[in-house]
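Welcome! Take a look at it, and then let's walk through its strands, core, pockets and cavities together.

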Amino acid sequence: MILANGWIVTMDDAGTEHERGWLRVEDGLVAELGSGDPPEPGEDLHGAVVTPGLVNTHHHLYQTLTRARAQEANLFDWLRELYPVWAGIDEESEYAAARTGLAELALSGCSTVFDHHYVFPRGTSGLVEAEVRAAHELGVRIVASRGSMDLGESDGGLPPDSLVEDLDAVLADTERLAGLQDDGWVQIAVAPCSPFSVTTRLMEESAELARRRGLVLHTHLAETVEEHGYCRELYNCTPVEYLERVGWLDGDVWCAHCVHLSDADVRTFAERRVGVAHCPTSNLRLGAGVAPVRDLLDAGVRVGLGVDGTASNERGDLFLEVKQALLVARGRGGGKAMTARDALRLGTRGGAAVLKRDDLGSLEPGKRADLAVWRTDGLELGGADDAVAGLVFSGPHRVDRLLVGGEDVVRDGRLVTADEEEIAREHRIQARRLDR
Ligand SMILES: [Zn+2]
C-alpha cells in the first residue's frame with residue numbers, strides 16, 4: 001500500500017517532515033517513505049497530515065463505567081467514593097468498558113494503549129483477558145497489566161479491606177498472565193497500584209518477578225501533596241525515596257503522574273532512567289497540580305502521555321492530551337516551554353520510549369506501520385499554513401484514518417471492525433448494572 005500527497009511527520013531523531021510526501025507499507029511495517037511523488041501511484045491523501053499512531057502510557061479502561069462521579073473531590077476522597085462502586089466490576093462489564101475506552105482512543109488516533117488494571121474483586125476472573133479480547137477485536141495494540149492492591153484500610157492503606165488481594169495470589173496470577181504476550185500486539189506489564197494501596201513486600205516481589213520474566217514495571221507516584229504526607233507518615237520518606245527503597249529506580253520502570261517531584265527527584269529519574277506518564281487533564285481535574293515536564297525533558301527523562309482513567313478524565317482522547325500537555329507546560333513555564341511538535345513527540349515517540357517499544361512511535365523503514373491520518377480541510381484548520389502546529393493548537397480531532405500494523409482500524413472517521421453505536425449501547429447497560 002502506498003499513501004501519497006500527505007504531510008508526513010516522521011518523529012525520527014532529526015524530526016524529519018515531508019510536507020508533500022509519500023509512504024509505503026508492506027507486511028505490517030513501514031517499508032519506505034520520502035518527499036514528492038511516490039515511485040508508483042498511491043492513494044491520494046489530499047494534503048492530510050500523517051503522524052505515527054499515538055501511544056497512551058497510562059489508563060484504567062474500567063473507569064469508563066463511572067464517569068462524572070465525586071466531581072469536586074481530591075484524589076483520596078475520589079478514590080474512597082469510587083472503590084465500593086468498582087468492587088462490582090466483572091468480566092462482562094470490563095469487556096464493555098474496554099471496548100468503549102479503546103474505541104474512543106482509536107478514534108483519537110491512538111494505536112497502542114497501556115491499561116493499568118488493579119481492581120480484582122474477589123471471585124472475578126478473566127478481567128485482563130477481556131481487555132485483550134476487546135483490543136484484538138478492534139485491531140489496536142494493548143499493553144495490559146496485572147495491577148494489584150494488598151494494603152487495606154485496617155493495615156493503614158486507602159482501599160477497603162474487601163478490595164485488596166492476597167500477595168501470593170497476585171504474584172501467581174501475574175506469572176500466569178505473562179503468558180498472554182503476543183508479538184507486539186499484547187505486552188504485559190507488572191503494575192502494583194500505588195504506595196498507599198500496596199505493601200512494601202509486594203512492591204519488591206513485583207520487581208523481582210518482572211525482572212525474572214523480562215516485563216516492564218509501572219505504578220502511580222507523587223500524584224498529590226496528600227500522597228507525600230502519606231508516605232512520610234507510613235514510610236518516613238518521600239515517594240521517590242520509597243521507590244529507591246523497594247528497588248524500583250531503574251530503566252524498566254515508568255511512573256504515572258510525578259506531579260510533585262523536587263529538582264533532586266528529577267535528576268534521580270534521569271540518572272536511573274525511570275520514565276514518566278504525564279496525565280495533564282486528570283491532574284487538573286483532580287486539582288493535583290502540573291508535572292514539571294519541561295524540567296524532566298531537559299534532564300533527559302523519558303516522558304509519554306496518558307489520558308488516565310475516564311473517571312478522572314472523562315474524555316478518553318489522547319490527542320486532547322497532546323494539546324493539554326502543551327498548554328499546561330506553557331501555563332507553568334511560559335510560551336517557550338513547549339512547542340506544538342514537542343507535544344506531539346510526547347504523544348508518539350515519547351510514549352514508545354516509556355513503554356520500551358523501539359518498534360513504535362516513529363515513521364521510519366522497519367517500524368510498525370501504525371499511523372494516523374488527520375484531515376486538514378476542516379473548519380478549524382482554515383488559515384493555518386503550518387498544518388502540524390495548527391492540528392495541535394486546535395485539537396482534539398477525530399482521526400480520519402488509523403492504521404495499526406498496516407491494517408485499517410479507523411476509516412473515514414469510523415471504526416472498521418466494530419459499530420460505535422452498538423459499543424455505546426452495551427456500555428450503558430453494563431454501567432447501569434454496576435450501579436445496581
Ligand atoms: Zn491512574
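## Strands at the start

Two strands are said to pair if DSSP finds at least two bridges between them. Helices (H or I, at least four residues) and strands (E, at least two) are DSSP runs, numbered from the N terminus. The model is a predicted one, in which local features need pLDDT of at least 70 and side-chain atom pairs count only at pLDDT 80 or more, while totals for chains, interfaces and linings use all residues. Residues are numbered from 1 along each chain as its sequence is written, and side-chain values use heavy atoms, with hydrogens and water left out.

Let's begin with strand S1 (residues 2-9), which pairs with strand S2 (residues 17-26) in the antiparallel sense over 5 bridges. Gly 6 has Gly 21 in S2 as its bridge partner. S2 also pairs with strand S3 (residues 29-35), again antiparallel, over 6 bridges. On that side, the bridge partner of Gly 21 is Ser 35 in S3. The hairpin of S2 and S3 has 2 residues between the strands, and Asp 27 takes a positive phi near 50° there.

Most residues other than glycine have a negative phi, and most peptide bonds are trans. Two loop residues are worth a look here. His 46 has a positive phi near 50° and sits in the loop between strand S4 (43-44) and strand S5 (49-52). Asn 236 has a positive phi near 55°, and its place is the loop between helix H6 (225-235) and helix H7 (239-245).

Are these two residues buried or exposed? By relative accessible area (1.4 Å probe, protein chains only), buried means under 20%, exposed over 50%, and partly exposed in between. His 46 is exposed because its relative accessible area is 63%, and Asn 236 is exposed because its value is 58%. For a cis peptide bond, look at Gly 395 and Pro 396, where omega is about 0°. Pro 396 lies in the loop between helix H13 (387-393) and strand S15 (401-404).

## Inside the protein

A nonpolar core is a set of buried Ala, Val, Leu, Ile, Met, Phe, Trp, Tyr and Cys residues joined through side-chain atoms within 4.5 Å. The largest one has 124 residues, and those touching the most other members are Trp 78, Leu 79, Trp 86, Leu 102, Phe 269 and Leu 344. Apart from this core lies another, of 14 residues, among them Val 30, Leu 33, Val 373 and Leu 403.

Contact means heavy atoms within 4.5 Å. Leaving aside neighbours within four places in sequence, the contacts of Leu 344 include Val 9, Met 11, Phe 319 and Val 388. Helix H2 (residues 91-107) holds Ser 93, which is buried because its relative accessible area is 1%. With the neighbours within four places in sequence again set aside, Ser 93 is in contact with Leu 65, Gln 430 and Arg 433.

## Pockets and cavities

On a 1 Å grid over the protein atoms alone, a cavity is a set of points where a 1.4 Å probe fits but cannot get out, whereas a pocket is an open set with protein on both sides within 12 Å along at least five of seven lines; lining residues have an atom within 4 Å of a point. Grid points are joined across faces, edges and corners, and a volume is the space filled by probe spheres set on the points.

The largest pocket holds about 410 Å³ of space. Its lining has 19 residues, with Arg 67, Thr 100, Glu 104, Leu 107 and Glu 420 closest to the centre. H2 and helix H14 (420-435) are the elements that give two or more residues to this lining, and H14 gives the most, with 6 residues. The second largest pocket has a volume of about 290 Å³. Of its 13 lining residues, Asp 44, Leu 45, His 46, Arg 375 and Asp 400 lie nearest its centre.

How many cavities of 30 Å³ or more does a search of the whole structure find? There are 2. The largest cavity has a volume of about 120 Å³, and 16 residues line it, with Leu 75, Trp 78, Leu 79, Tyr 118 and His 220 nearest its centre. Helix H1 (residues 75-86) gives the largest share of that lining, 4 residues. The second largest cavity has a volume of about 40 Å³, and its lining includes Pro 52, Ser 111, Asp 359 and Arg 368.
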